[in-house]
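Please open the model in a viewer and keep the selection panel at hand.

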Amino acid sequence: MKKKLNKKEEGIALILLAIFLLFAMVLSLFLGSVFLSPTELFQSEILWQIRLPRVILAALIGLLLSISGVILQGILRNPLADPYILGISAGAGVGAAISIVLGAQFVVFGMSSIPATAFIFALIAVIIVYKLAQVAGKTTPETLILAGVALSAFCAAILALIIIISGSLQSIYFWLLGSLSSATWGNVLTVIPYVLIGAGVAYFYSKELNALLLGEEMATTLGVDVENTRLILIGTASLMTAAAVSVSGLIGFVGLIVPHWIRLVIGPNHRLLIPVSALSGMLLMVVADTMARTVLSPVEIPIGIIMALVGAPFFLYLLRRRRIEGK
Amino acid sequence: MSILRLDQLICGYDSNKPIIKGVSFSVYDGEFVGIVGPNGSGKTTLLRAIIGLLKLQQGSIILSQHRIQHLDRREIARRIAFVPQLMEPVEGFTVEDLVMLGRTPYFERFSFENEDDHEAVKWAVEELKIENLKDRPVTELSGGEFQRVAIARALAQEPKIMLLDEPTSHLDIRYQVKICKLLRKLRAHRSIMATFHDLNLASRYCSRLVLLKNGELIAEGSPEEVVTPQNIWKAYRIKAQVKKNPRTKKARYVLLP
C-alpha cells in the first residue's frame, strides 16, 4: 500500500525536487558543443548569452506544458489529454506564425502580438476539438483524441503552408519539431508572466479540480461553478500553451507524460500534483534539452524529436493499458 | 420549523413534459423521510431538482427560510449534501482524501483545508465507523464499505439535510439494514431524505414516507399511514396485505397470491 505523505513530508519532497532541478540546470550549463572549464565558462558569452537563457527557458517551457496537461486532464476528466495531442499547440503555432509573417506589432492587455495571436488560435482550436468530441453532452477520451489528432494535422499543414509561402523553409523545423536553439533572454522575459499567472491560477483552482474528480454533477453539488471553472481553466491552459509555442514551437507529450506519471506516484490530489508536476516538467525539459544539444554534437536535435521519441511510445502504452483494463 | 419546503414543484428535462407535477411537502428537523414509488415515478428527478442539478419550471424550494434561487452554489452546498446512486471511486485516493472532498464548499479561494476541516472529516469518519478504512485506497473497498464512505463524504459537508438516491440499491441485505440503521441514527444531527425501492425497508426505518406516482404525491405520512393496501394498489397496481411487525410495530406488506 502506498504511504500517504503528511504536510511536512510533502514540503521536503518538493524541496528535494527543486534542489535536484537546480543541480540539473547547473550541470546543463557545462554541457554543450563547446566544452569550457568553469573559469573559462564564467567569463564567456556562451554562458551568459546562450546557455543560461536557454536552460532557464527549457525549464519554464516544461512548467507551462506540464501544468497545461494537468489542467486539461483534470477539467476534461481525460487522462490522455495534453495540449499537443488535442491540437492546441498546433493551433497556437498557426496563430504565432500568422502574426510573425504579417509582422503585426500590437499589444493587447500587456500581451505582445505573437503570444496574443497564438492564444486566440489556441482557444479556437480547443473549442473546436471540444465541440467535435462531444457526443450527447459527453466527451469520451477516444473521440477527444481523434478530434485532436485531426485538428492537429490540419493546423500543422496550414502552419507549414504559411512558412513555405513566407519563404523561410528553415524555420519549418523550428516550428513543427519544436526547438530551443534560438533561446534568448527576451524569450525568457516573454514567458515569465504566463508562467506566474498560469501556475497561480492552476494552484488556486486545485480544489475545483479535486472536486471534479467525482464528476461534474458531484462537483456542482459541492458548490463548484463547473461552467465558470471550465472556462477559466481551459483559457489558462490555452494561454500557457500559446506562450510556450510562441517561443519554442510544437513540443509534444510533456503535458501528457509528466502529470500522468506524477499522479501514479503521489495520487490525484491537485494541491500536490500541480507543484510536483511543475518541478518535474521543468526537470524533464532541462534534461531533454541537454540531450538535444549534446547527443549528436555538434549537430543539434530539435527537442521536439526527443520528446516524441520518448512520449509517443509512452502514449501508446497508456492507450493499450486503458484497453486492457477496459476503462 | 421546516428545514426544507417544496411548494407546488414542477420540473423535468423537457418543458412540455414535466416529470414532477406539482409536489408539495416539508421536511422537519431530525426527520428521516423516505421517498417511495414505482419506477419512473420521479423519485430521482425530485432529488436532482432539490440539489439544483435540474432547473425548476414552476414552484419553489425553501431551504431553511431561504428561497433556493437566491442562494449561490456554495451556500446551497453548505446546506444540502447529495449521495448519488453510484459514485465513482477516485483512483489514487484514500478514504480520508475522498471524505475531505466534502469540505469543498468551505474552502476559500486562497487557502486550503484547516483544523475545522480535519475535525469535520474525523467526526464524519467516526460517525460512519470507518476509522479502520481511513488510509485504504477507495478503489479497493467493497460496495457496502464504499457506500459508507460516500455517506461520510456527505456528512463532512455538515449540511442541514442529506439527500440520498437509492442508498441501498447496490447492497446485500446485511448492508441494506446496516446503512438504514446508520441513517436512522444520523438523523439526530441532520435531516435525511432518501429514495427507496424497498417499501418494507423504508417503512421499517423512515420516520415518514412520501409516496409518488407519475410525478404526483399520492400519499404522505407515517409509515403506517402510507403503507396500506389501498395505497399500494394505487401506486403499484398490486394486491397486497399489510401486516404489523409484532416486534417493531412497523407496517409491512405481503403480496397476496
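Begin with the contact between the chains, to which chain A contributes 21 residues and chain B 24 residues; two residues are in contact if their C-beta atoms, placed from the backbone, lie within 7 Å. This is a predicted model, in which local features need pLDDT of at least 70 and side-chain atom pairs count only at pLDDT 80 or more, while totals for chains, interfaces and linings use all residues. Residues are numbered from 1 along each chain as its sequence is written, and chains are lettered from A and ligands numbered from 1 in the order in which they are written.

Next, select α9 (206-212) and α10 (216-221) of chain A, each of which supplies at least two residues of the side of chain A that touches chain B. Helices here are DSSP runs of H or I with at least four residues, numbered from the N terminus. The most is given by α10(A), with four residues.

Now turn to the largest nonpolar core, which has 175 residues. Such a core is a set of buried Ala, Val, Leu, Ile, Met, Phe, Trp, Tyr and Cys residues joined through C-beta atoms within 7 Å, buried meaning that 20 or more other C-beta atoms lie within 10 Å of a residue's own. Helix α3 (residues 45-75) of chain A gives the most to this core, with 14 residues. Among the residues with the most contacts inside the core is B:Val99; select B:Val99 and find B:Val121, B:Val149 and B:Ala152 among its contacts.

Finally, colour chain B by its domain assignment (automatic or from a database): domain 1 (1-79 + 160-223) and domain 2 (86-158). Their C-alpha centres lie 23 Å apart. The contact between them takes twelve residues from domain 1 and ten residues from domain 2 of chain B.

Definitions and conventions: Buried ≥ 20, exposed ≤ 12 C-beta atoms within 10 Å, placed from the backbone. Lists of a residue's contacts leave out its neighbours within four places in sequence.
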